[in-house]
Amino acid sequence: SELLSVGQMPTGWSVDNSSSGSIGCFSSTIMEPKGVALTAKARIYFQSNAANGLPALNEKLATYSNISSAYKKIVTTLTNCKSFSGKNSGEKTTGTIGQMSFTTYGISSAAFAVDFTIAGTAVYEDLLIIRKGNVVISIDEGNLSPVNVKQFQGFVVKALAKVK
């Protein structure tokens, strides 16, 4: 399985390998559920050429000793993480997570709307967790305005095509 490449992104987007922060239950370790062995992982982050780097897209792939258990635990963690707060890159950050209806991809998928406020600025993120074969995919797009669903779905389709 492969990650998206920069050539598949809109003109002017670039790879951004700064890590995303962990804020309470909305954690960068969401793809590492307790009690399931992670057997492989890969990730790539992209950002647009706008001054603030948004929209941005993050993709993570992971395989596990027990794929169905891992997928269920990841989705449950996100479902139960209704709100979070903490510091992201030193800035006060609060947010909410709610499940949203979205096209089903792969064997199964779950979609979440994540709304942040970072240092007083609202950021919107659409997050999709997909199980395809023996891989769990996390793909999210964030922007200062509600995410363009057509663009996001385009990224999802491209990402899935590279996961065998």
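Me: Which residues does S65 touch, not counting residues up to four places away in sequence?

Reply: This is a predicted model, in which local features need pLDDT of at least 70 and side-chain atom pairs count only at pLDDT 80 or more, while totals for chains, interfaces and linings use all residues. Residues are numbered from 1 along each chain as its sequence is written, and side-chain values use heavy atoms, with hydrogens and water left out. Taking contact as heavy atoms within 4.5 Å, and leaving out residues up to four places away in sequence, S65 touches V36, A37 and T39.

Me: Is S65 buried or exposed?

Reply: S65 sits in the loop between β3 (56-64) and α1 (67-80), where helices (H or I, at least four residues) and strands (E, at least two) are DSSP runs numbered from the N terminus. Buried means under 20% relative accessible area, exposed over 50%, and partly exposed in between, with a 1.4 Å probe and protein chains only. Because its relative accessibility is 54%, S65 counts as exposed.

Me: How many residues of strand β8 are buried?

Reply: V135, I137, I139, E141 and N143 point one way from β8, whereas V136, S138, D140 and G142 point the other way, and all are buried. Strand β8 (residues 135-143) is thus mostly covered, and its buried residues number nine of nine.

Me: Which residue of β8 is the bridge partner of L57?

Reply: Two strands pair if DSSP finds at least two bridges between them, and β3 and β8, which run antiparallel, are joined by seven bridges. Within β8, the bridge partner of L57 is E141.
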